Amino acid sequence: MVAKKDAEEELARTPLQAIILADSFTTKFRPITLERPKVLLPLVNAPMIDYTLAWLESAGVEEVFVFCCAHSKQVIDYLDKSNWFGQPNFSVTTIESHNAISAGDALRLIYEQHVIRGDFILVSGDTVSNMSLSQALKEHKERRRNDSNAVMTMVIKQSKPSPITRQSRLGTEELFMVIDPETKQLLYYEDRVDNLIGYLSLDKALLTDNTSISLQNDKQDCYIDICSPEVLSLFTDNFDYQHLRRDFVKGLLVDDIMGYKIYTHEIHSSYAARIDNYRSYDTISKDIIQRWTYPLVPDVQFFGNSATKLERQGMYRAPEIKQSRLSKIGPFTVIGTGTSIGINTEISNSVVGEGCSIGANVTIEGCYIWDNVTIEDGCKLKHSIVCDGVTMNSGAALEPGVVLSFKVVVGRNFLVPAYSKVSLLQQPIKQDSDEELEYADNSSGIPEVPSISGTLDKLNEEERTELPDSQEYDVGDGGVGFIWLVSEGGQEEELRHSVAPIPVDKLVAIMQITKDEVDIPNEDGSFLPPSGELGPDSITNDSNEDAEDIRDDSIIFEREVEATFQRAVEEDVTDDHVILEVNSLRLSYNMASADCAGALFYSVMKLALDAPHDSPNELYKNVVTTVSKWKKLLKYYLPSIDEEIEVILKFEEMCLESAKEYSPLFLQVLHHLYDQDIIQEEAILDWASEKEGAEESDKVFVKQSEKFIQWLKEASEEEEED
């Protein structure tokens, strides 16, 4: 007993350690990552790795080991010059390798260093989170005390995939997990399922060996793992373990001999996500701007970012900006230090870096403009990424989904086609797999495609043989750069992982394919639910728990609809696109039309409330303007009186709880909805009638509307007499 107590005390004294993998071991961010490591790419004007380090420091981690491979010198130099070194109670150490080609190789090399002394946090350097680690660590350590085979705890979060694209909002594939609902042990993990919709093959042993299991397809893997030291030794003992999920996690789940176990910890109110592709880069950037990641937001300084001031409607401005009075900066936009903006230029829902020069009559919408970019007069950019040092000559335009890598020059009046990737580097003929290494620094001993610091003429003969002879594309008058070809079958991948929204016609086509798929029943003719608990007791769940689940689903549904509507506002998408997205959510959460109507009405009214106003009269004008713009969308979800009554009830709820500023305007807004034929008189009269037997506190707005209701009754009676 004494020895056990001493061991526990020693464990408690061990500083909390973390491993950051600063190499993506993927090619998803090419051509950009041929020249700069992914962890140093700017995310809302701060390098990705700064978000990861800032979170780990705030979460109580004391020692961090940063594993560097591709472009290792750039990562080490950045950290050397940053403020992360020398912080009290927070040490950062780099481990460099020139040979690792996978996460498995990285962990084997770290094991050989003998630096990990206890449980540790394993993350990649593209992770953004504000979660507390306390509860997850406590659960992990308690399980370890009771069962030494409990070697890992994975952090997960609810995030239902789109029923249309089968992707999460981060652009990752639909994830299926089987979890023991009592112990939270992970029993099955699959993120690359069969293309046949509705079909999933599970081992019968999952049902025979467990009294109850929960099949989930509405969870997001946050790629934050709490590991025991045995995880490193397991990688060392199994050289075929390369990929963390595909090899290691799946390998442990099917290994019946050693009996190692993986558990899950689900977070709810906290934020955690990993930047896996361009779409998740876009999504997480928007989440940061909309402050879901607080305190890791632009106006709160942490190492690596500059002071930025938050203004109305989510606008952030750094110091020393030169902006023409006739230019317009829209909502949810970040402007970096030293940037100048010319006359009649409009920027919305975008991030602009430091030292950029933006001319007159430029339109920028939904873009990520990095540092020292020059955009001349009359250019138009939409849903694109523009890297450091790029020049766009006058009149040039970018269609959605374009990526311009470092120092590319786009010629005058040239239109870069949608989803194009343009680089000063020619496209390599050899197509690496996702597990293979990005081009590394010269010091690694691995051949390198030349960086922007050199010239293409300096390629040696060996490197030239890796490049095609006729791949030089004209990017306009005075343009410099190569347009990379999309591989056969790669168009759909570009659409799914781009920073640009998937076009409506493509969504419609995907929906049609989905409708044509045939559901495959079980042997007894029943269908497996997409997410839920299976087992002997699954049918006899407590009714209170069911009601709580329904309430939770309703809340999550409303938030998802609000987020969808907000993205529509930011990206100026059509009503039809919003309807597709909301219908997808409706199917996913099994909601009624009235739920959609209430959630959308709330979103519209919140948009009006968030717009600048200094008086109730100005707020009412905001309502008139906003309702007018989104009238068609609201009407679509009001097919009957029931849905219209739901809208009135939702407005009552807002006035009493979440948006009390609307209370004195209830009658005016209700009258306006009636005048616009959004709410019919029958719905208003039925709503008032239902309130007759209610308590006085529930009749506040009926009384406020008494004269209007009486007028409607008299008008209705006159019509009946006629």
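In which sense do β1 and β6 pair, and over how many bridges? They pair in the parallel sense, over five bridges. Two strands count as a pair if DSSP finds at least two bridges between them. Before we go on, keep in mind that this is a predicted model: local features need pLDDT of at least 70, side-chain atom pairs count only at pLDDT 80 or more, and totals for chains, interfaces and linings use all residues. Residues are numbered from 1 along each chain as its sequence is written, and side-chain values use heavy atoms, with hydrogens and water left out.

**The whole chain**

- The protein chain's secondary structure comes to 22 helices and 36 strands. Helices (H or I, at least four residues) and strands (E, at least two) are DSSP runs, numbered from the N terminus.
- Of its 722 residues, 53% count as buried. Buried means under 20% relative accessible area, exposed means over 50%, and partly exposed is in between (1.4 Å probe, protein chains only).
- Take the contacts in the protein chain with a separation of 6 or more: residues 24 or more positions apart account for 63% of them. A contact here means heavy atoms within 4.5 Å.
- The chain exposes about 33300 Å², and carbon and sulfur atoms supply 49% of that. Accessible areas come from the Shrake-Rupley method with a 1.4 Å probe; for residues, only the protein chains shown count as cover.

- Five of the five residues of β1 are buried, so β1 is largely enclosed by the rest of the structure.
- In a regular strand, side chains alternate between the two faces of the sheet.
- In β1, Gln17, Ile19 and Leu21 point one way, while Ala18 and Ile20 point the other way, and all are buried.

- α2 is mostly covered, with nine of its 11 residues buried. Among them are Tyr51, Leu53 and Trp55.
- After α2 comes Gly60, whose phi is positive, near 95°.
- Which residues of helix α3 (residues 72-81) are buried? They are Ser72, Val75, Ile76 and Leu79. These residues cover an arc of only 95° around the axis, which puts them on the same side of α3. The arc is that of the directions from the helix axis to the C-beta atoms.
- An α-helix has 3.6 residues a turn, so residues three or four places apart point the same way.
- The buried residues of α3 pack against α2 (48-58), β4 (63-68) and β5 (91-96).

**A nine-stranded sheet**

- An open sheet of nine strands has mixed pairing and runs in the order β15-β16-β19-β22-β25-β28-β31-β34-β35.
- β15 and β35 (482-483) stand at the edges with a single partner strand each, so one side of each is left without a neighbour in the sheet.
- Inside this order, β31 (residues 403-404) and β34 (residues 421-423) run parallel and are joined by two bridges. Leu404 has Val422 in β34 as its bridge partner.

- Arg30 and Pro31 are joined by a cis peptide bond, with omega about 5°. Pro31 is in the loop between β1 (17-21) and β2 (42-43).
- Another cis peptide bond joins Tyr294 and Pro295, with omega about 10°. Look for Pro295 in the loop between α9 (278-289) and β15 (309-310).
- Asn45 has a positive phi, near 70°, in a residue other than glycine. Asn45 is partly exposed, with a relative accessible area of 23%.
- His114 also has a positive phi, near 60°. At 66% relative accessibility, His114 counts as exposed.

**Aromatic rings**

- The whole structure has 18 aromatic pairs. Tyr241 and Phe248 have ring centres 5.6 Å apart and planes at 85°, so this pair is edge-to-face.
- Rings of Phe, Tyr and Trp (its six-membered ring) pair if their centres lie within 6.5 Å; planes under 30 degrees apart count as stacked, over 60 as edge-to-face and the rest as tilted.
- Tyr241 is buried at a relative accessible area of 10%, and Phe248 is buried at 0%.
- One aromatic cluster is formed by Phe601, Phe651, Tyr662, Phe666, Trp687 and Phe701.
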